[in-house]
Structures are given as C-alpha cells and as structure tokens.
Amino acid sequence: MIRIKLDVMMAERKMSLNRLAELVDITPANLSILKNEKGKAVRFSTLDALCQALDCQPGDLMEYVEEEE
C-alpha cells in the first residue's frame with residue numbers, strides 16, 4: 001500500500017492546507033482527499049507541483065508499506 005505523508009511535510013514546512021492548495025493550484029477539498037489517503041491516483045503534474053511547493057522529492061511525500069493481513 002502507498003502511504004501519503006503530505007501532512008508530515010506540511011507540518012515540517014509550517015504550511016496550511018489552504019496555502020498549499022493555492023500554490024499547487026488545486027482545490028483544498030481535492031488536496032484534503034490526497035492528504036487523508038482517500039484518493040485513488042495522483043497526477044504527475046500535481047506531484048510535481050507539490051514537490052516544488054514543499055521543496056521535496058516524491059519519496060518524501062509517499063512511501064510503500066506492506067498491507068497487514
């Protein structure tokens with residue numbers, strides 16, 4: 001399973017959801033879906049914008065963890 005660590009990066013950068021949504025040009029509702037791991041996919045353009053806004057690498061925003069049985 002892919003885990004989204006967006007909340008960690010936002011906290012480290014002291015950035016609000018609304019400010020990040022503004023920088024990435026995405027609605028706060030859609031960013032919240034991604035942040036709360038409710039989304040099914042993320043566009044590379046969105047990932048690129050997130051990395052740019054948060055000054056990080058894709059691996060800083062996502063990690064693979066094995067699912068519990």
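Mentor: Start with charge. Lys and Arg count as positive, and Asp and Glu as negative; His and the chain ends are left out. The model is predicted.

Trainee: How many positive and negative side chains does the chain have, and how far apart are the centres of the two sets?

Mentor: There are 9 positive and 13 negative side chains. The centres of the two sets lie 6 Å apart.

Trainee: What pattern does the chain follow along the sequence?

Mentor: The pattern is β-α-α-α-α-α-β. That makes five helices and two strands.

Trainee: What share of the residues is buried?

Mentor: Buried residues make up 26% of the 69. As for the accessible surface of the chain, it comes to about 5,100 Å², and 48% of that belongs to carbon and sulfur atoms.

Trainee: What share of the contacts joins residues at least 24 apart?

Mentor: Take the contacts between residues at least 6 apart in sequence: 61% of them join residues at least 24 apart.

Trainee: Now helix α2. Which residues of α2 are buried?

Mentor: Helix α2 covers residues 17–24, and Leu20, Ala21 and Val24 are buried in it.

Trainee: How do you know that they are on the same side of α2?

Mentor: By the arc. They cover only 100° around the axis, which puts them on the same side of α2. An α-helix has 3.6 residues a turn, so residues three or four places apart point the same way.

Trainee: What does the face turned away from the buried side of α2 carry?

Mentor: That face carries Asn18 and Glu22, both exposed. The buried residues of α2 have cover that includes α1 (6–12), α3 (28–35) and α4 (44–54).

Trainee: Take Thr46, in helix α4. Why is Thr46 called buried?

Mentor: The cut-off for buried is under 20% relative accessible area. Thr46 has 17%, so Thr46 is buried. Leaving aside residues up to four places away in sequence, Thr46 touches Val24 and Ile26.

Trainee: Cys51 is also found in α4. Why does Cys51 count as buried?

Mentor: Relative accessibility is 10% for Cys51, so it counts as buried. With residues up to four places away in sequence not counted, Cys51 touches Cys56, Gln57, Pro58 and Leu61.

Trainee: How far apart are Cys51 and Asn18 in sequence and in space?

Mentor: They are 33 residues apart in sequence. In space the distance is 16 Å, C-alpha to C-alpha.

Trainee: Which residue with a positive phi follows α2?

Mentor: Asp25 follows α2. Its phi is about 60°, although Asp25 is not a glycine. Asp25 sits in the loop between α2 and α3.

Trainee: Why does Asp25 count as exposed?

Mentor: Exposed means over 50%. Asp25 has 72% relative accessibility, so Asp25 counts as exposed.

Trainee: Glu37 has a positive phi of about 60° too, and is not a glycine. Where does Glu37 lie?

Mentor: Glu37 lies in the loop between α3 and α4.

Trainee: Why is Glu37 called partly exposed?

Mentor: Partly exposed is the range between the buried and exposed cut-offs. Glu37 has 30% relative accessibility, so Glu37 counts as partly exposed.

Notes. Residues are numbered from 1 along each chain as its sequence is written. This is a predicted model: local features need pLDDT of at least 70, side-chain atom pairs count only at pLDDT 80 or more; totals for chains, interfaces and linings use all residues. Side-chain values use heavy atoms; hydrogens and water are left out. Buried means under 20% relative accessible area, exposed over 50%, partly exposed in between (1.4 Å probe, protein chains only). Helices (H or I, at least four residues) and strands (E, at least two) are DSSP runs, numbered from the N terminus. The arc is that of the directions from the helix axis to the C-beta atoms. Contact means heavy atoms within 4.5 Å. Accessible areas come from the Shrake-Rupley method with a 1.4 Å probe; for residues, only the protein chains shown count as cover. The place of a charge is taken as NZ of Lys, CZ of Arg, CG of Asp or CD of Glu.
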